[in-house]
Amino acid sequence: MATLALYPVLPDDAPVAALLKAAHFAAVKHRFQQRKDGGTPYINHPLGVATLLAAEGGVTDVAVLQAAVLHDTVEDTDTTPDEIREHFGERVALIVAEVTDDKHLPSAERKQKQVETAPHKSHGAQLVKLADKLYNLRDLTRKAPTGWTAQRIQAYFAWSKRVTDGCKHANAQLAAKLDELYEHGEFEFDGVKYKCLPQ
């Protein structure tokens with residue numbers, strides 16, 4: 001892709017350049033996509049996940065932040081694992097692979113697999129998983145995706161807790177923010193307030 005060729009990833013890239021090149025790569029790959037609310041550019045999500053890791057989780061590992069920016073490229077675009085490896089190296093590719101769902105599996109099986117595998121992922125993948133879920137859950141408290149019901153939002157919270165409970169030891173700051181949201185979080189749907197996670 002021509003625009004990607006403008007900023008080739010180089011072995012001696014400074015950390016800031018390496019991270020920005022990953023962001024540029026993700027922006028090109030997600031450029032035609034939107035979030036499930038039907039109006040937000042999709043790239044807001046991976047950039048937000050990486051920002052959340054750095055600003056709220058205190059993560060400074062550039063490979064983890066690159067993987068956060070790139071975490072949906074293989075799952076949701078035409079990007080291949082080999083492409084991630086070629087551009088960003090083995091470690092970033094491995095983290096992205098760990099957080100990529102197999103779209104050939106039924107949705108329920110993919111969700112169960114996330115619950116089962118979360119405790120066994122690498123530390124970097126667990127960090128991305130925590131931040132990804134926290135970002136998505138906060139999004140749900142702001143605006144429901146098109147076609148969702150209040151009960152579906154609550155079910156997503158319940159499932160997310162099962163996933164994050166298996167890896168929250170990876171980052172105490174993010175774990176605390178998730179626990180606060182699970183315990184006290186609320187959202188509004190059709191003018192009615194709901195607990196994010198009913199007791």
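Predicted model: local features only at pLDDT ≥ 70, side-chain atom pairs only at ≥ 80, totals over all residues.
Residues are numbered from 1 along each chain as its sequence is written, and side-chain values use heavy atoms, with hydrogens and water left out.

Helices here are DSSP runs of H or I with at least four residues, strands are runs of E with at least two, and both are numbered from the N terminus. Is α9 enclosed or open? Because 15 of its 20 residues are buried, α9 is largely enclosed by the rest of the structure. Buried stands for under 20% relative accessible area, exposed for over 50%, and partly exposed for what lies in between, using a 1.4 Å probe and protein chains only.

That brings us to the interior. A nonpolar core is a set of buried Ala, Val, Leu, Ile, Met, Phe, Trp, Tyr and Cys residues joined through side-chain atoms within 4.5 Å. The largest one has 55 residues, and those with the most contacts inside it are Leu53, Leu70, Ile84, Val92, Val128 and Phe157. Helix α9 supplies the largest share of this core, nine residues. Which residues does valine 128 touch? Setting aside neighbours within four places in sequence, valine 128 is in contact (heavy atoms within 4.5 Å) with Val49, Leu53, Val64, Ala67, Ala68, His71, Ile95 and Val99.

Now for a charged residue. Glutamate 83 sits in helix α6, residues 81-88. With a relative accessible area of 18%, glutamate 83 is buried. Beyond residues up to four places away in sequence, glutamate 83 touches Phe25, Lys29 and Asp78.

Next, the aromatic rings. A pair of aromatic rings is described by the distance of the centres and the angle of the planes. Here, rings of Phe, Tyr and Trp (its six-membered ring) pair if their centres lie within 6.5 Å; planes under 30 degrees apart count as stacked, over 60 as edge-to-face and the rest as tilted. The whole structure holds four such pairs. In one of them, the rings of tyrosine 156 and tryptophan 159 have centres 5.3 Å apart and planes at 70 degrees, so the pair is edge-to-face. These two residues are three apart in helix α10, residues 150-165, and thus separated by about one helical turn. An α-helix has 3.6 residues a turn, so residues three or four places apart point the same way. Tyrosine 156 is buried at 14% relative accessibility, and tryptophan 159 is buried at 11%. Together with Trp148, Tyr156 and Trp159 form one aromatic cluster.

Helix α10 also contains aspartate 165, which is partly exposed with a relative accessible area of 35%. Aspartate 165 and alanine 175 lie 10 residues apart in sequence and 8.5 Å apart in space, C-alpha to C-alpha.

Strands pair if DSSP finds at least two bridges between them. Strand β1 (residues 186-189) and strand β2 (residues 192-195) run antiparallel and are joined by four bridges, with phenylalanine 189 standing opposite valine 192. Two residues lie between the strands, and aspartate 190 in the turn has a positive phi of about 50 degrees. Aspartate 190 is exposed, at 72% relative accessibility. In a regular strand the side chains alternate between the two faces of the sheet. For β1, the covered face has Phe187 and Phe189, and the uncovered one has Glu186 and Glu188.

Finally, how many disulfides does the structure hold? There are zero, a disulfide being a pair of cysteine sulfur atoms within 2.5 Å. The sulfur of cysteine 167 has its closest cysteine sulfur in cysteine 196, 19 Å away, which is too far for a bond. Cysteine 167 is buried at 1% relative accessible area, and cysteine 196 is buried at 0%.
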